[in-house]
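Subject: Structure handover and findings

Hello,

Here is the structure we spoke about. Please have it open as you read; my notes follow it.

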Amino acid sequence: MENKKPLTLVKIGGNIIDNLVELSDFLSDFSKIEGYKILVHGGGKSATKLAESMGLVPQMIDGRRITDFAMLEVAVLIYAGQINTNIVAQLQANSTNAMGFSGADGNLIQSDKRNHPTINYGFVGDVNKLNTPLLETLLLNNLVPVFCAITHDGSGQLLNTNADTIASELAIALSEVFDVTLNYCFEKPGVLFDAEDDSSVIENMNPELYSKLKAQKAIHSGMIPKLDNCFNSLYKGVQKIKIGHHHMLQDAKSICTNIKL
């Protein structure tokens, strides 16, 4: 069987995006990654800040955002507009030919509006379909897709979608064609035993340890969706997943959390 070409998929969170120096450093590191690559970004902190300035009160349940119509408008404005365009422009300045996308562009990521038995998440989408052939075409033409956390339902409705989930679903779909490494980059060096101690990195996380720490409520609530997505990705064919500071993208010796089965 022909060897698959490597693809590096990186997701960054709001704390990197909100720090201009950190974002600049990250984009410099990302631009130096050789071969095919994709960037997925969130932006929850920026959306929350704008929403509060407008008198809106953001709601979260288990680390996931409730999105009413007003919050959806804020999310589209911030994620697909300000943040995505700014990142693409900075990548161009780093000699990386990036192109910004929501899930609606090219019908790249389609979602279902979340249907939960007890919680009304509003305009929140769960990914159900990816346009893998178009993604492959973009990559093979040396374009670097940059995805925001907005998808669509195929009937004209935009949906706020967890960026960690988008990264996971992209990694799963593209693992059919590429040898995918999925990196979740944020401001910490990895998943921590103690959220207040950056030296307490869990260097290897497996399902057994994760279940134990979750039962002990030792995992920060915002980390749970990320780790759930990580293990789902591994079960569905993604070969390698790391969580940590973006230094790990260029420094193989950088301490981070390796997610393993």
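The second largest pocket has 15 lining residues, and Thr8, Ile33, Thr181, Asn183 and Lys242 are the ones nearest its centre. The pocket holds about 230 Å³ of space. Its lining has seven nonpolar, four polar and four charged residues.

Terms for this part. The search runs on a 1 Å grid over the protein atoms alone; a pocket is an open set of points where a 1.4 Å probe fits, with protein on both sides within 12 Å along at least five of seven lines, and lining residues have an atom within 4 Å of a point. Grid points are joined across faces, edges and corners, and the volume is the space filled by probe spheres set on the points. Nonpolar covers Ala, Val, Leu, Ile, Met, Phe, Trp, Tyr, Cys and Pro; charged covers Asp, Glu, Lys and Arg; the others, Gly among them, are polar. Helices (H or I, at least four residues) and strands (E, at least two) are DSSP runs, numbered from the N terminus.

On provenance: this is a predicted model, in which local features need pLDDT of at least 70 and side-chain atom pairs count only at pLDDT 80 or more, while totals for chains, interfaces and linings use all residues. Residues are numbered from 1 along each chain as its sequence is written, and side-chain values use heavy atoms, with hydrogens and water left out.

**Phenylalanine 186**

Phenylalanine 186 sits in the loop between β11 and β12 (204–205). Why does phenylalanine 186 count as buried? Its relative accessible area is 12%, and buried means under 20% (exposed is over 50%, partly exposed in between; 1.4 Å probe, protein chains only). Beyond its neighbours within four places in sequence, phenylalanine 186 contacts Ile16, Met223, Ile243, Gly244, His245 and His246. Contact means heavy atoms within 4.5 Å. Lysine 11 is 175 residues away along the chain, yet the two C-alpha atoms are separated by 8.4 Å.

**Rings**

There are five aromatic pairs in the structure. One of them joins tyrosine 36 and phenylalanine 178, edge-to-face, at 5.5 Å centre to centre and 70° between the planes. The partners are 142 residues apart: tyrosine 36 is in strand β2 (residues 36–41), phenylalanine 178 in strand β11. Rings of Phe, Tyr and Trp (its six-membered ring) pair if their centres lie within 6.5 Å; planes under 30 degrees apart are stacked, over 60 edge-to-face, the rest tilted. Tyrosine 36 is buried at 16% relative accessibility. Phenylalanine 178 is buried too, at 3%.

Two charges sit over rings. Lysine 113 lies over the face of phenylalanine 123, 5.4 Å from the ring centre. Arginine 114 lies over the face of tyrosine 121, at 4.4 Å. The test is NZ of Lys or CZ of Arg within 6 Å of the ring centre and within 35 degrees of the ring normal.

**Helix residues**

Leucine 170 is in helix α6 (residues 163–174). Leucine 170 is buried, with a relative accessible area of 0%. Not counting residues up to four places away in sequence, leucine 170 touches Leu9, Ile38, Val40, Ile109, Leu130, Leu135 and Phe147.

Threonine 132 belongs to helix α5 (residues 132–140). Threonine 132 is buried at 16%. With the same exclusion of residues up to four places away, threonine 132 touches Ala173, Leu174 and Val177.

Aspartate 29 lies in helix α2 (residues 20–31). At 12% relative accessibility, aspartate 29 is buried. Outside four places in sequence, aspartate 29 touches His246, His247 and Gln250.

**Positive phi**

Most residues other than glycine have a negative phi. Asparagine 107 has a positive one, near 50°. Asparagine 107 is in the loop between β5 (98–101) and β6 (109–113), and is partly exposed at 30%. Asparagine 142 also has a positive phi, about 60°. Asparagine 142 lies in the loop between α5 and β8 (144–147), and is exposed at 57%.

Best wishes
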